[in-house]
Amino acid sequence: MAAAQGAGSSSAGPSGLPSSAPGHSNSPAVAVWEWQDEFGRWRPYRGNVCSYIEQVFQASQQKGRRFGPGPVNSIPLGHADAVLAPYVIDIPSLTQFRQDTGTMRAVRRHLFPQDSAAGQGIVWEWQNDEGGWSPYEMNVCVFLEQAHATNHQRVDLGPLGYNYEVDFVAQVQTNKTTKFRRSVQRRLDVPYPVTATSGAVHSGMVCSCQQCWFNSGTGPITTRYRHSMINFPNSSTAHQVSSRTTSISSSGVGFVPYNKPTLSGAKSAPRLNAQSTWALSQAGSAGGPSAGLSASNGVSTLSLPVKMPKPSRVNQALAATPTEPEAVVRKYLEELKGAPADEDCMICMEKLASASGYSDACECSTIKPEMVGRLTNCQHSFHMLCVLAMYSNGNKDGSLQCPSCKTIYGEKTGTQPKGKMEFSTFPQSLPGHKDCGTIQIVYHISRGIQGPEHPNPGMPYTARGFPRYCYLPDNEKGRKVLELLKVAWKRRLIFTVGTSSTTGESNTVVWNEIHHKTEMDTNLSGHGYPDPNYLDNVLAELAAQGVTEDCLRQ
């Protein structure tokens, strides 16, 4: 990035930027669609994806306009980018839904002037710990570009909720408290789409109106921000979260473990990833954290080594559970004789009264395209052929997860590579948990060769940042989380092989949506303590993967 030099003032704040007064404008606007990550921050989708979302969104705003056989209520992002194939945006609720895991995230639509950084396709990024580049929020990009264009040498991001100062000459960002410095860069990308103005255009660095301050655009105001000391989207404690042992998603999607190709022939639904499973063998007892080897220093350790059997033994390991696609579908769905006339299938986005959107790509002798089934527990209805296609392109482990409410049928497993989980206790307390000691978890995974359940079978995968150290309070709830994490480890749910959203490296081991605390004594990054909500949040994440207290009674 060329450093900005000139006659501008040495430092810029809210009053130091020409034409940056907070407010709304009626000038031509560009639409930026963003999703909210687990830290409460908004992450913009890339320009080409936003163009597709905006096109469909505008169609949905026109009464009587139809998209295919039904009204525009959902946007399958796989149509814009194959990497986003598992994701669908539900327009009425402004929610992004990931079909293969059930993860839901808030989305919003934010308008900026056409001559802003968003309209010009200018992106400002900071360098993360792995050496890759992570984008700032679009509000910050617009603010930085205004300062850069007016030849300011440095700018304070405090008014936007960030405890940083950016020096354009040195091309660095400095934490005002710790003085830690990171490189920054400015690059050109695809401009965001010009749109008919249907809301407030934010011409300044940040508006003070209720819409902008609490929600900063179109979308639901969420009440839960994970891993943050303050439940507010732009809190200075909920900012850059890259750590030297963790790769947290910071790209333009909710979470992308690896590229998932579009299902050829499907009318309106993306393809889910093809995976298989293996049985996990465990050496020794899996009791509490102090049930293992005792040491004279008061630290106790237990190790859970994991071995992966040969692919040819997969079906043998799962012999007790029916895994044939047709058998699984018929086990958990009861066929309906009359399909609801106005109800959509959430998988293919077609009306239940019409044929499955997968009828051109998935054939079955016993399940016809027009057959509709209802899941036995949650009572949600889908084309049975759509559920068959979803299962066939998933783990094929005998389990199903309802795309609507995330209810899990059977035992869900993942694609975590072989490795070892260790845990121990020591007397030192974590901030916020002064009344107890600490549980330390250590995950060991080495590089290896991808199996048939991984994105590129037969190719090597890397394992960066291992061993990874994680911490829990050694109290009743912390020990409960540990026991459930042991179940998740056995089910291969904690890691997967995919693409790092931080570094962009593909074919590498990444976290898989069960968040861990990788620091003990600071929560500035979002990965440490104190965090009074963490244990409840991780229990909810485990439950979303089907790992609940019921698993401990089995």
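Start with Asp531. Asp531 sits in the loop between β30 (508-511) and α9 (534-544). A word on those labels: helices (H or I, at least four residues) and strands (E, at least two) are DSSP runs, numbered from the N terminus. This is a predicted model, where local features need pLDDT of at least 70, side-chain atom pairs count only at pLDDT 80 or more, and totals for chains, interfaces and linings use all residues. Residues are numbered from 1 along each chain as its sequence is written, and side-chain values use heavy atoms, with hydrogens and water left out.

Is Asp531 buried or exposed? Asp531 counts as buried, because its relative accessibility is 4%. The cut-offs are these: buried means under 20% relative accessible area, exposed means over 50%, and partly exposed is in between (1.4 Å probe, protein chains only).

What does the side chain of Asp531 contact? Its side chain makes a polar contact with the side chain of Lys517, at 2.9 Å. A polar contact is a pair of N or O atoms within 3.5 Å; within protein, one must be able to donate a hydrogen and the other to accept it, and residues adjacent in sequence count only if both atoms are side-chain atoms.

Stay with Lys517. Its charged end sits over the ring of Tyr529, 5.9 Å from the ring's centre. For that, NZ of Lys or CZ of Arg must be within 6 Å of the ring centre and within 35 degrees of the ring normal. Now step on from Tyr529. The peptide bond from Tyr529 to Pro530 is cis, with omega near 5°. Pro530 is in the loop between β30 and α9.

Next, Phe466. The peptide bond from Phe466 to Pro467 is cis too, with omega near 0°. Pro467 lies in the loop between β27 (460-461) and β28 (468-473). Arg468 lies over the face of Phe466, 4.3 Å from the ring centre. Phe466 also belongs to an aromatic cluster, together with Tyr443, Trp489, Phe495 and Trp511. Rings of Phe, Tyr and Trp (its six-membered ring) pair if their centres lie within 6.5 Å; planes under 30 degrees apart count as stacked, over 60 as edge-to-face and the rest as tilted. How many aromatic pairs does this rule give? The count is 10.

Now two backbone angles. Phi of Asn507 is near 55°, a positive value in a residue other than glycine. Asn507 lies in the loop between β29 (495-498) and β30. Asn507 counts as buried, because its relative accessibility is 12%. Leu94 has a positive phi as well, near 50°, and is not a glycine either. Find Leu94 in the loop between β5 and β6 (95-98). With a relative accessible area of 12%, Leu94 is buried.

On to the helices. Take α1, residues 47-61. The expected span of a helix is 1.5 Å times one less than its number of residues. So the 15 residues of α1 should span 21 Å, and the end C-alpha atoms are 21 Å apart, which agrees. Its buried residues include Val49, Tyr52, Ile53 and Phe57. Which strands do the buried residues of α1 pack against? They pack against β2 (29-36), β4 (74-76), β5 (87-90), β7 (104-113) and β14 (194-195). Contact here means heavy atoms within 4.5 Å.

Look at β14. Val194 is found in that strand. Val194 is exposed, with a relative accessible area of 53%. Val194 and Val30 are 164 residues apart along the chain, yet their C-alpha atoms are separated by 4.2 Å. Not counting residues up to four places away in sequence, Val194 touches Ala29, Val30 and Gln114.

Compare α7, residues 384-392. This helix is mostly covered, with eight of its nine residues buried. Among them are Met384, Cys386 and Tyr391. The buried residues of α7 pack against α6 (325-332), β19 (333-336), β20 (372-375), β21 (381-383) and β22 (400-401).

Now cysteines. A disulfide is a covalent bond between the sulfur atoms of two cysteines.

Last, the whole protein. The protein has 10 helices and 30 strands. Of its 554 residues, 55% count as buried. Among contacts with a separation of 6 or more, residues 24 or more positions apart account for 68%.
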